[in-house]
Amino acid sequence: DSIGNVSAATVTFNVQNGETVTCIFTNDPLPTISVLKTAAVASVDEPGANVLFTFKVTNTSAESVTIASLTDSDFGTLAGDDDCKVGTVLDPGESCSFTITEFIDGDASGPDHSNTVTVVLTDDDNNTDEGTDTETVELTDVLPEVLVTKSANPSSVPETGADVVFTFTVTNDGDEAGTIT
């Protein structure tokens, strides 16, 4: 009789005297995956910029696997591309990769931008493995930039003096809002 799936290393059953029993055990290894997420830059100036992210998925198991899902903690479900998307079959040792560009924003006084990609794959026995990788992009503090111009009306007066109206123009030339102190 068949004893079904066995997950332990030791199997015990009764054999009658003179009875012959044939046992066949097969090892069905579980799929394994390696996931790498990288950002093209380590930091962006506040208040933010577009960042190119690269995702690499590698089948580290001894059998072919299929990508079942691609998700990112901040960017949601990832589409991948023609050779690396949900449904892509990777042979043993084979890799695929894709890129996306996302706007990363924030303030240097807050936390850096950090998010995680999760890739799930399955083998032909519907066994799964999940791989993750986290990438962090630092938000760099940008110093304020101010331009001040002063004009006088009239631009000249007689030596004895006269009233002059001075106009000051303050322009924020920086990348973020500033406060006049």
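These legends describe views of a predicted model of one protein chain.

**View 1. The fold of the protein chain is built from strands.** The protein chain has 11 strands and zero helices. Read from the N terminus, its elements run β-β-β-β-β-β-β-β-β-β-β. The radius of gyration is 32 Å, well over the 16 Å that the globule rule gives for 181 residues, so the protein chain is more spread out than a compact globule. Its C-alpha atoms fill a box of roughly 135 × 30 × 20 Å along the principal axes.

**View 2. Contacts and burial in the protein chain.** Of the contacts between residues at least 6 apart in sequence, 63% join residues at least 24 apart. Buried residues account for 23% of the 181 residues.

**View 3. The surface of the protein chain and its charges.** The side chains include 32 negative and 4 positive ones. The centres of these two sets lie 9 Å apart.

**View 4. The disulfide between C84 and C96.** The count comes to one disulfide. C84 is joined to C96, with an S to S distance of 2.1 Å. The pair links distant parts of the chain, 12 residues apart. C84 sits in the loop between β5 (76–77) and β6 (89–90). C96 belongs to strand β7, residues 95–105.

**View 5. Close-up of the S-S bond of C84 and C96.** A disulfide is a covalent bond between the sulfur atoms of two cysteines. Here the torsion about the S-S bond is about 50 degrees, so the disulfide of C84 and C96 is right-handed. Both C84 and C96 are buried.

Conventions
Residues are numbered from 1 along each chain as its sequence is written. This is a predicted model: local features need pLDDT of at least 70, side-chain atom pairs count only at pLDDT 80 or more; totals for chains, interfaces and linings use all residues. Side-chain values use heavy atoms; hydrogens and water are left out. Helices (H or I, at least four residues) and strands (E, at least two) are DSSP runs, numbered from the N terminus. The radius of gyration is taken over C-alpha atoms; the globule rule is 2.2 Å times the number of residues to the power 0.38. Buried means under 20% relative accessible area, exposed over 50%, partly exposed in between (1.4 Å probe, protein chains only). Contact means heavy atoms within 4.5 Å. Lys and Arg count as positive and Asp and Glu as negative; His and the chain ends are not counted. The place of a charge is taken as NZ of Lys, CZ of Arg, CG of Asp or CD of Glu. A disulfide is a pair of cysteine sulfur atoms within 2.5 Å.
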